[in-house]
Amino acid sequence: MEHYNMNLTLKIWRQKDAKAKGGFETYQVKNISSEMSFLEMIDVLNEELITEGKDPIAFDHDCREGICGSCSMYINGKPHGPWKATTVCQLHMRAFKDGETVVVEPWRANAFPVVKDLVVDRSAFDRIVQAGGYISVNTGNAVDGNAIPVDKDKADKSFAAAACIACGACVAACKNSSAMLFVSAKVSHLALLPQGQPERKSRAINMVAQMDKEGFGSCTNIGACEATCPKEIRLTNIARLNAEYLSAALTIDREN
Amino acid sequence: MTWKQMFTSSIGQKLTMALTGLFLITFLIVHVGLNACIWANDGGQMFNTGANFMGSMLVIRIMEIGLFAGIIIHSIQGLVLNAANNSKRKVGYAVEYGERGSKWYSRSMGLLGTLLLLFLIMHIYHFWVPSRLGGMWSVRPLQEVDYTNGLGKQYHNLYAEMIGVFQNPIVVILYVLGCISLAYHLMHGFESAFRTIGVHNNRYLKMLRYLGRGYSILISIAFAMMPISMYFGWVS
């Protein structure tokens, strides 16, 4: 693909802290290479802001390889920007044309409060995983990897669900701010494997209870999340979570 | 785990929506089937006889209570969920997410459901109220008709009532709009209900998608044709 440089107008959400009232600031960036990633473009802008003695734009990032789930920008009306199955760090500037205006917002959901600028607090996801997104194993020598047979079909489905990087784009895209795609990926990942069986029922119940407690909406099966997920987690996982939850809730026998 | 915890959880509330929704879907099959008797071209005898059977049979009358309960629970739970979901994003986006991955009718179930509820209030007022409560509390009773060669058994002439109601073009338009709302509401609701009760096998999901679309379109057209054919005098 041919390399080109571009000038862009950026409208970026700036918010001093969680309590401050934020607003859009307009920035002009010049000579941006089409081979840069979107985050590198923000880096260039931040360098300029620092040189001018201004506060740089705060944003989340870590691996910049599309696997950590840190980056979280809502670009021109879509989480992670215009490309399909791509995180912001893997979004390249060739996605944009010279002279274009790009609007950048943080994830919007009550359960994801803005910390500063484009950074939101996604610890709600951590608490959901703590509620049941794990398996318990005894310590000691590592067990032989092939000791427990796993059906290939289930292993593939489990792996596809495990690809979820917990970025929160599903919540950001959902009109209900529902976290069901995330929770369904985590529950499916373990429910499909033999290692996930001992805690299968309590996992589904506890993770859904925590999800509700964190203030996410409920799922109306519209499919917006699936269309935006950088890891292409399928909507079918949500139906599987419904089955997991309902069969657990109808049969579990415990006091709390 | 208590029943309360289950049915107040987000998935539990969706289960209530799905089960009542599926119940109402099955009811519509009975409703459209019986009403299709108006096209028998026998002056409404088959339809009135069928309607009389439904109205006088104890099992059906008990199920009618379930039907009202289903409608009320589906409406209230739907409105509660819709309000709760709408409150989960206090600060909105400057650029909307829009159409990606979803259909407008899937995102508008609250609106379509509200329109259907308003339609139902009108519909019950038109037919259920005079049929069941006619003569009581100064409610206008329906005409009676005798199909037993003077043996004295009287049937409510619901057929004549339908023809009367559907002479008003505004009512016909409102009914057709109600049927359009129903088509779009079911277009999402049918498949979504099965997803909510946990159907995640892709072979079944694909089948249910086409079945749902077919059902939504056919049943809505059949219902819409009833006021239309009576207004234009296509039935005699």
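1. Helices, as used here, are DSSP runs of H or I with at least four residues, and strands are runs of E with at least two; both are numbered from the N terminus. The C-alpha trace of chain B spans about 65 × 40 × 40 Å along its principal axes. Please keep in mind that the model is predicted.

2. Chain A, domains. The assignment gives chain A two stretches: domain 1 covers 5-105 and domain 2 covers 123-251. Their centres, taken over C-alpha atoms, are 30 Å apart. The two domains do touch. Domain 1 of chain A puts 12 residues into the contact, and domain 2 of chain A puts in 10. On the domain 1 side, the residues split into five nonpolar, six polar and one charged.

3. Chain A, the sheet. Five strands of chain A form an open sheet in the order β2-β1-β5-β3-β4. The pairing is mixed. The edges belong to β2 (23-33) and β4 (78-79) of chain A. Each has a single partner strand, so one side of each has no neighbour in the sheet.

4. Chain A, the strand pairs around β1. Strand β1(A) runs antiparallel to β2(A), and nine bridges join them. Within β2(A), the residue opposite A:M6 is A:I32. Strand β1(A), residues 5-14, also pairs with β5(A), residues 101-105. Here the sense is parallel, and there are four bridges. Two residue pairs can be checked directly in the viewer. A:T9 faces A:T101 of β5(A). A:K11 has A:V103 of β5(A) as its bridge partner.

5. Chain A, a helix on the sheet. Helix α1(A), residues 38-51, lies across β1 and β2 of chain A. The angle between α1(A) and β2(A) is about 105°.

6. Chain A, α6 against α8. These two helices of chain A pack with axes 8 Å apart, at an angle of about 105°. Angles of 65 to 115 degrees count as roughly perpendicular, and α6(A) and α8(A) are therefore roughly perpendicular to each other. From α6(A), the contact uses A:K201, A:A204, A:I205 and A:V208. From α8(A), it uses A:L241, A:E244, A:Y245, A:A248 and A:A249. By class, the contact of α6(A) with α8(A) holds seven nonpolar and two charged residues, with no polar ones.

7. The interface between the chains. Chain A contributes 42 residues to the contact, and chain B contributes 38. On the chain A side, the elements giving two or more residues are β5, α6 (200-213), α7 (224-228) and α8 (236-251). The largest share of that side comes from α8(A), with nine residues. By class, the chain A side divides into 20 nonpolar, 14 polar and eight charged residues.

8. Chain B, α2 against α8. Helix α2(B), residues 10-35, packs on helix α8(B), residues 169-196. The angle is about 130°, and the axes are 9 Å apart. That angle makes α2(B) oblique to α8(B). The crossing of this pair, α2(B) and α8(B), is left-handed. On the α2(B) side, the contact is made by B:K14, B:L15, B:M17, B:A18, B:G21, B:L22 and B:I25. On the α8(B) side, it is made by B:G189, B:F190, B:A193 and B:T196. The residues of the contact of α2(B) with α8(B) comprise seven nonpolar, three polar and one charged.

9. Chain B, α2 against α4. Helix α2(B) also packs on helix α4(B), residues 58-86, at an angle of about 140° and with axes 9 Å apart. The two helices, α2(B) and α4(B), are therefore oblique to each other. The crossing of α2(B) past α4(B) is left-handed. Helix α2(B) supplies B:Q13, B:T16, B:M17, B:T20, B:G21, B:F23, B:L24 and B:F27. Helix α4(B) supplies B:L67, B:G70, B:I71, B:I73, B:H74, B:Q77, B:G78 and B:L81. In the contact of α2(B) with α4(B), eight residues are nonpolar, eight are polar and no residue is charged.

10. Residues to look at in chain B.

Note on methods:
Residues numbered from 1 in each chain as written. Chains lettered and ligands numbered in written order. Predicted model: local features only at pLDDT ≥ 70, side-chain atom pairs only at ≥ 80, totals over all residues. Axes fitted to C-alpha atoms, helices over the stretch in contact; angles between N-to-C directions. Parallel < 35°, antiparallel > 145°, perpendicular 65-115°, else oblique. Left-handed = near helix turned anticlockwise from the far one by under 90°. Contact = placed C-beta atoms within 7 Å. Nonpolar A, V, L, I, M, F, W, Y, C, P; charged D, E, K, R; others polar. Pairing = 2+ DSSP bridges. Domains from an automatic or database assignment.
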